[in-house]
Amino acid sequence: MRGSLHGSPPRVSRPEVLWSWMGAFLGMAAVAWINQWFFAGTDLTFTIGSLGASAVLVFGAVRSPLAQPRNLIGGHVISALVGVTCWQWLGGEPWLAQSVAVATAIALMHLTRTLHPPGGATALIAVIGSDQVHAMGYLFVLFPATLGPLVLLVAALLFNNLPAARRYPEFWL
(Lines give C-alpha, C1' and ligand atoms only; values in the text may rest on other atoms or scores of the structure.)
Protein backbone atom coordinates (compact mmCIF):
# COMPACT_ATOMS: atom_id res chain seq x y z
CA MET A 1 0.00 0.00 0.00
CA ARG A 2 3.00 2.31 0.48
CA GLY A 3 4.41 1.66 -2.98
CA SER A 4 5.02 4.56 -5.30
CA LEU A 5 3.19 5.08 -8.55
CA HIS A 6 6.20 6.87 -10.00
CA GLY A 7 8.43 5.05 -12.37
CA SER A 8 8.60 1.47 -13.50
CA PRO A 9 11.54 -0.85 -14.05
CA PRO A 10 13.90 0.45 -16.72
CA ARG A 11 13.47 -0.99 -20.19
CA VAL A 12 16.09 -3.53 -21.21
CA SER A 13 17.65 -3.28 -24.66
CA ARG A 14 16.91 -5.98 -27.20
CA PRO A 15 20.54 -7.13 -27.35
CA GLU A 16 20.47 -7.50 -23.56
CA VAL A 17 17.26 -9.52 -23.80
CA LEU A 18 18.89 -11.76 -26.41
CA TRP A 19 22.04 -12.24 -24.30
CA SER A 20 19.91 -13.08 -21.25
CA TRP A 21 17.91 -15.60 -23.26
CA MET A 22 20.96 -17.26 -24.75
CA GLY A 23 22.77 -17.43 -21.42
CA ALA A 24 19.78 -18.90 -19.61
CA PHE A 25 19.27 -21.41 -22.42
CA LEU A 26 22.89 -22.56 -22.33
CA GLY A 27 23.11 -22.63 -18.53
CA MET A 28 19.90 -24.59 -18.07
CA ALA A 29 20.80 -26.86 -21.01
CA ALA A 30 24.05 -27.75 -19.26
CA VAL A 31 22.21 -28.58 -16.03
CA ALA A 32 19.52 -30.58 -17.85
CA TRP A 33 22.08 -32.41 -19.99
CA ILE A 34 24.05 -33.50 -16.92
CA ASN A 35 20.81 -34.60 -15.26
CA GLN A 36 19.75 -36.62 -18.29
CA TRP A 37 23.09 -38.29 -18.99
CA PHE A 38 24.35 -38.96 -15.50
CA PHE A 39 21.31 -39.14 -13.22
CA ALA A 40 18.46 -40.55 -15.32
CA GLY A 41 17.34 -43.85 -13.86
CA THR A 42 18.96 -43.16 -10.48
CA ASP A 43 17.45 -41.93 -7.25
CA LEU A 44 19.52 -38.74 -7.57
CA THR A 45 18.50 -35.57 -9.36
CA PHE A 46 20.51 -32.68 -10.65
CA THR A 47 17.65 -30.37 -11.55
CA ILE A 48 15.34 -28.54 -9.17
CA GLY A 49 12.91 -25.72 -9.91
CA SER A 50 14.85 -23.13 -7.94
CA LEU A 51 17.72 -23.38 -10.46
CA GLY A 52 15.41 -21.76 -13.03
CA ALA A 53 15.01 -18.78 -10.72
CA SER A 54 18.78 -18.67 -10.24
CA ALA A 55 19.19 -18.59 -14.02
CA VAL A 56 16.95 -15.50 -14.12
CA LEU A 57 19.32 -13.75 -11.73
CA VAL A 58 22.70 -14.83 -13.13
CA PHE A 59 21.73 -14.24 -16.77
CA GLY A 60 18.96 -11.63 -16.52
CA ALA A 61 20.21 -9.47 -13.65
CA VAL A 62 23.98 -10.02 -13.78
CA ARG A 63 24.81 -6.94 -11.72
CA SER A 64 22.37 -7.67 -8.91
CA PRO A 65 24.05 -8.42 -5.58
CA LEU A 66 21.63 -11.36 -5.33
CA ALA A 67 23.13 -12.90 -8.49
CA GLN A 68 26.78 -12.91 -7.44
CA PRO A 69 28.69 -16.20 -6.92
CA ARG A 70 28.74 -15.95 -3.13
CA ASN A 71 24.97 -15.56 -3.09
CA LEU A 72 24.30 -18.16 -5.79
CA ILE A 73 26.29 -20.95 -4.15
CA GLY A 74 25.96 -19.95 -0.51
CA GLY A 75 22.23 -19.27 -0.74
CA HIS A 76 21.46 -22.68 -2.20
CA VAL A 77 23.78 -24.62 0.14
CA ILE A 78 22.57 -22.94 3.33
CA SER A 79 18.94 -23.23 2.28
CA ALA A 80 19.29 -26.90 1.36
CA LEU A 81 20.89 -27.66 4.74
CA VAL A 82 18.04 -25.87 6.48
CA GLY A 83 15.38 -27.56 4.35
CA VAL A 84 16.70 -31.08 4.88
CA THR A 85 17.09 -30.49 8.61
CA CYS A 86 13.55 -29.12 8.89
CA TRP A 87 12.16 -32.12 7.01
CA GLN A 88 14.03 -34.55 9.27
CA TRP A 89 13.14 -32.81 12.53
CA LEU A 90 9.69 -31.40 11.75
CA GLY A 91 8.45 -33.52 8.84
CA GLY A 92 5.61 -34.89 10.96
CA GLU A 93 4.09 -31.40 10.87
CA PRO A 94 4.56 -30.38 7.23
CA TRP A 95 3.08 -26.87 7.65
CA LEU A 96 5.59 -26.17 10.41
CA ALA A 97 8.53 -27.72 8.54
CA GLN A 98 7.78 -25.63 5.44
CA SER A 99 7.42 -22.32 7.25
CA VAL A 100 10.42 -22.85 9.54
CA ALA A 101 12.57 -23.92 6.57
CA VAL A 102 11.91 -20.84 4.44
CA ALA A 103 12.02 -18.36 7.34
CA THR A 104 15.24 -19.85 8.74
CA ALA A 105 16.84 -19.97 5.30
CA ILE A 106 16.13 -16.25 4.84
CA ALA A 107 17.54 -15.41 8.26
CA LEU A 108 20.73 -17.45 7.73
CA MET A 109 21.25 -16.05 4.24
CA HIS A 110 20.95 -12.53 5.69
CA LEU A 111 23.41 -13.33 8.48
CA THR A 112 25.93 -14.83 6.06
CA ARG A 113 25.42 -12.19 3.34
CA THR A 114 24.36 -14.86 0.88
CA LEU A 115 20.76 -13.77 0.24
CA HIS A 116 19.62 -15.46 -2.96
CA PRO A 117 15.81 -15.62 -3.36
CA PRO A 118 15.82 -19.01 -5.14
CA GLY A 119 17.39 -20.38 -1.95
CA GLY A 120 14.00 -20.06 -0.27
CA ALA A 121 12.59 -22.35 -2.95
CA THR A 122 15.45 -24.80 -2.42
CA ALA A 123 14.62 -24.98 1.31
CA LEU A 124 10.96 -25.50 0.49
CA ILE A 125 11.70 -28.19 -2.12
CA ALA A 126 13.70 -30.12 0.50
CA VAL A 127 10.55 -30.19 2.65
CA ILE A 128 7.73 -30.62 0.12
CA GLY A 129 9.73 -32.67 -2.38
CA SER A 130 8.94 -36.21 -3.43
CA ASP A 131 9.84 -39.35 -1.52
CA GLN A 132 12.90 -39.49 -3.78
CA VAL A 133 14.03 -36.06 -2.53
CA HIS A 134 13.41 -37.03 1.10
CA ALA A 135 15.28 -40.33 0.67
CA MET A 136 18.37 -38.37 -0.42
CA GLY A 137 18.70 -36.80 3.02
CA TYR A 138 21.73 -34.53 3.22
CA LEU A 139 22.89 -35.79 -0.18
CA PHE A 140 20.29 -33.27 -1.46
CA VAL A 141 22.68 -30.54 -0.32
CA LEU A 142 25.32 -31.85 -2.74
CA PHE A 143 23.00 -33.11 -5.54
CA PRO A 144 21.46 -30.80 -6.71
CA ALA A 145 21.78 -27.85 -4.32
CA THR A 146 25.55 -27.35 -4.67
CA LEU A 147 26.53 -28.89 -7.99
CA GLY A 148 23.56 -27.48 -9.94
CA PRO A 149 24.39 -23.86 -9.02
CA LEU A 150 28.08 -24.58 -9.71
CA VAL A 151 27.22 -25.57 -13.28
CA LEU A 152 25.16 -22.37 -13.65
CA LEU A 153 28.07 -20.38 -12.23
CA VAL A 154 30.55 -21.81 -14.74
CA ALA A 155 28.12 -21.10 -17.59
CA ALA A 156 27.55 -17.56 -16.30
CA LEU A 157 31.28 -16.90 -15.99
CA LEU A 158 31.93 -18.10 -19.53
CA PHE A 159 28.89 -16.55 -21.22
CA ASN A 160 28.34 -13.27 -19.38
CA ASN A 161 31.87 -12.05 -20.09
CA LEU A 162 31.69 -12.53 -23.87
CA PRO A 163 30.10 -9.17 -24.77
CA ALA A 164 31.95 -6.02 -23.76
CA ALA A 165 28.80 -4.58 -22.19
CA ARG A 166 28.41 -7.39 -19.64
CA ARG A 167 30.61 -8.32 -16.75
CA TYR A 168 30.16 -11.13 -14.26
CA PRO A 169 30.72 -11.28 -11.39
CA GLU A 170 30.57 -7.85 -9.84
CA PHE A 171 32.28 -9.35 -6.79
CA TRP A 172 33.32 -12.79 -5.59
CA LEU A 173 33.19 -12.61 -1.80
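**View 1. Arg-166 and Glu-16 form a salt bridge, with their closest N and O atoms 3.1 Å apart.** Arg-166 sits in the segment after helix 8 (147–160) and Glu-16 in helix 1, so this pair ties together parts that are 150 residues apart in sequence. A salt bridge here is a side-chain nitrogen of Lys or Arg within 4 Å of a carboxyl oxygen of Asp or Glu. Helices are DSSP runs (H or I, at least four residues), numbered from the N terminus. Arg-166 is buried at 5% relative accessible area, while Glu-16 is partly exposed at 23%. Buried means under 20%, exposed over 50%, and partly exposed in between (1.4 Å probe, protein chains only). This is a predicted model: local features need pLDDT of at least 70 and side-chain atom pairs pLDDT 80 or more, while totals for chains, interfaces and linings use all residues. Residues are numbered from 1 along each chain as its sequence is written, and side-chain values use heavy atoms, leaving out hydrogens and water.

**View 2. Arg-63, Arg-167 and Glu-170 are linked in a salt-bridge network.** Glu-170 meets Arg-63 at 3.6 Å, N to O. That pair links distant parts of the chain, 107 residues apart: Arg-63 is in the loop between helix 2 (50–60) and helix 3 (69–90), and Glu-170 is in the segment after helix 8. Glu-170 also pairs with Arg-167, at 2.7 Å, N to O. Arg-63 is exposed at 54%; Glu-170 is partly exposed at 29%, and so is Arg-167 at 45%.

**View 3. Trp-21, Phe-25 and Leu-26 make a nonpolar surface patch of about 360 Å².** Patch residues have over 30% relative accessible area and no salt bridge; like charges are joined within 9 Å, nonpolar side chains (Val, Leu, Ile, Met, Phe, Trp, Tyr) within 5 Å. Accessible areas come from the Shrake-Rupley method with a 1.4 Å probe; for residues, only the protein chains shown count as cover. Phe-25 lies in helix 1 (residues 14–39) and is partly exposed at 47%.

Definitions and conventions: Helix = DSSP H or I, 4+ residues; strand = E, 2+ residues; numbered from the N terminus.
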